[in-house]
Amino acid sequence: MNVRRRVTRPGLMLALTFATGVVDAVGYLRLDQVFAGNMTGNVVILGMAATGGGTGLPVLGPVVALAAFLAGAATAGRVLRTAGPGWNNRCTALLGGVGLALTATALGLALVGADTSGARACMVASLALAMGAQAATARHLAVKDVTTVVVTSTLTGLAADSRLGAARGRGARRRTAAVTLIVAGAAAGALLCQVHEGLAVAAAACVALAVTALGGRVAPATTGSPSTAPSTAPATAPSTASATAPSTAPSTALLRP
């Protein structure tokens, strides 16, 4: 019971946000300046590279990352197409697949390395595929302001609802946590890359697998609303009917001439 009370769906998505920071650090620092989770960055890189002009920016990596990310998101969307809201076995399976894909990538980096363009493209594809599936699963779980892969909308909401903006103060802690954790993940990824990039991806894989295990435990606690409906309706309806109907009828009859 203590685990179920302490582990929440937003907390799990924030943990995946940290893992994304680690993965993107590996992609940018060791895989030709490619983002595995932040597709906006890849689109901008491709736009600048398309102008030519000796920018020296990569093309193959961002294209591979975009294609793999879309494939992962589409696959997860297909799996979750008929799934109900909230965490379910399909979410567990998808995030477990994310963890396994990251584990396989970490092994590939350790055994094969990323010294050639072909090897780097394969590693990018594997990371982006995992991030696409993770992002689509997070979208299904619908934790507000935590997409696990980008924080642009999170920063927008944080600033717009701050005291300097609309002064609503909604979700400030969660938004701040999301931004802080993706920065912390990127910093951790950069530090681990100084040892070996495979170690950084392995750390992200451990986070994803831990979230998968904990998500399976917290799932029953998120679907308890239907159990309250039958207990309230029968209890209130008979009491009000029996209390009001008999008491009012005789009184009105006595007042008639």
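I took a pocket to be an open set of points, on a 1 Å grid over the protein atoms alone, with protein on both sides within 12 Å along at least five of seven lines; lining residues have an atom within 4 Å of a point.

I noted that this is a predicted model, in which local features need pLDDT of at least 70 and side-chain atom pairs count only at pLDDT 80 or more, while totals for chains, interfaces and linings use all residues. Residues are numbered from 1 along each chain as its sequence is written, and side-chain values use heavy atoms, with hydrogens and water left out.

**Entry: fold.** I looked up the secondary structure and found 10 helices and zero strands, helices being DSSP runs (H or I) of at least four residues and strands runs (E) of at least two, numbered from the N terminus.

Entry: I recorded 40% of the 257 residues as buried, that is, under 20% relative accessible area with a 1.4 Å probe, protein chains only. Of the contacts (heavy atoms within 4.5 Å) between residues at least 6 apart in sequence, 72% join residues at least 24 apart.

**Entry: largest pocket.** I recorded a volume of about 220 Å³ for the largest pocket, a volume being the space filled by probe spheres set on the grid points. Its lining holds 15 residues, with Asp24, Phe35, Asn38, Ile182 and Ala186 nearest the centre. Helix H2 (9-30) and helix H8 (172-195) are the elements that give two or more residues to this lining; H2 supplies the largest share, five residues. I sorted the lining into 10 nonpolar, four polar and one charged, with Ala, Val, Leu, Ile, Met, Phe, Trp, Tyr, Cys and Pro as nonpolar, Asp, Glu, Lys and Arg as charged, and the others as polar.

Definitions and conventions. Buried means under 20% relative accessible area, exposed over 50%, partly exposed in between (1.4 Å probe, protein chains only). On a 1 Å grid over the protein atoms alone, a cavity is a set of points where a 1.4 Å probe fits but cannot get out, and a pocket is an open set with protein on both sides within 12 Å along at least five of seven lines; lining residues have an atom within 4 Å of a point.
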